[in-house]
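Please consult the sequence and the structure shown below while reading.

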Amino acid sequence: MSTYATMTPLSVVLTRLKEKGYGRELTITKTGARLEGGEKTYGPEQLTIVKIYRFEGASDPADMAIVYAIQAADGERGFLLNAYGTYSDQDNPFYDTFIKDVAVDEVDAI
């Protein structure tokens, strides 16, 4: 069981994801999701969430964040990072609809 004293910091998780090939951030737009530096746009049916990391600050709700490790049907990998709750900085009207339509099939190997 993880406690606040032993919880892995967000920066460490992002470093580990990069080491495992999930180092490119996804951006969600009206037309779909695009990996950083990529040309291809993915629909939610072409993506799978393979791991979810949730972070909660011990004393500051502004520290709440979520990271999704995501793999595309063509093998490309990346991550999606967002605050959640009251302090979500996600003002993209397409984000909620899109992420709800992405399949979740978590693996432990990440």
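## A glycine in a loop

Gly23 lies in the loop that connects helix H1 (10-19) to strand S1 (26-29). Helices (H or I, at least four residues) and strands (E, at least two) are DSSP runs, numbered from the N terminus. The model is predicted, so local features need pLDDT of at least 70 and side-chain atom pairs count only at pLDDT 80 or more, while totals for chains, interfaces and linings use all residues. Residues are numbered from 1 along each chain as its sequence is written, and side-chain values use heavy atoms, with hydrogens and water left out.

With a relative accessible area of 31%, Gly23 is partly exposed; buried means under 20% relative accessible area, exposed over 50%, and partly exposed in between (1.4 Å probe, protein chains only). Leaving aside residues up to four places away in sequence, Gly23 touches Leu17, Lys18, Glu36 and Phe79, where a contact means heavy atoms within 4.5 Å. Gly23 and Gly78 are separated by 55 residues in sequence, yet their C-alpha atoms are 5.6 Å apart in space.

## The three-stranded sheet

S1 belongs to an open sheet of three strands, ordered S1-S2-S3 with antiparallel pairing. S1 and strand S3 (41-42) are at the edges, each with a single partner strand, so one side of each is left without a neighbour in the sheet. Two strands are taken to pair if DSSP finds at least two bridges between them.

Four bridges link S1 with strand S2 (residues 32-35), and these strands run antiparallel. The two form a hairpin with two residues between them. Leu26 stands opposite Leu35 in S2, and Ile28 has Ala33 in S2 as its bridge partner.

In a regular strand the side chains alternate between the two faces of the sheet.

## The four-stranded sheet

The other open sheet is built from four strands in the order S6-S5-S4-S7, and its pairing is mixed. At its edges stand strand S6 (77-83) and strand S7 (103-104), each with a single partner strand, so one side of each is left without a neighbour in the sheet.

Strand S5 (residues 65-72) runs antiparallel to S6 and is joined to S6 by seven bridges; Val67 stands opposite Leu81 in S6. Strand S4 (residues 47-55) also runs antiparallel to S5, with eight bridges between them, and Arg54 of this pair stands opposite Ile66 in S5. By contrast, S4 and S7 pair in the parallel sense over two bridges, with Ile49 opposite Val104 in S7.

## The protein as a whole

The protein contains two helices and seven strands. Read from the N terminus on, the elements follow the order α-β-β-β-β-β-β-α-β.

Of the 110 residues in the protein, 32% are buried. Among contacts between residues at least 6 apart in sequence, 54% join residues at least 24 apart. The protein exposes about 6900 Å², of which carbon and sulfur atoms supply 49%. Accessible areas come from the Shrake-Rupley method with a 1.4 Å probe; for residues, only the protein chains shown count as cover.
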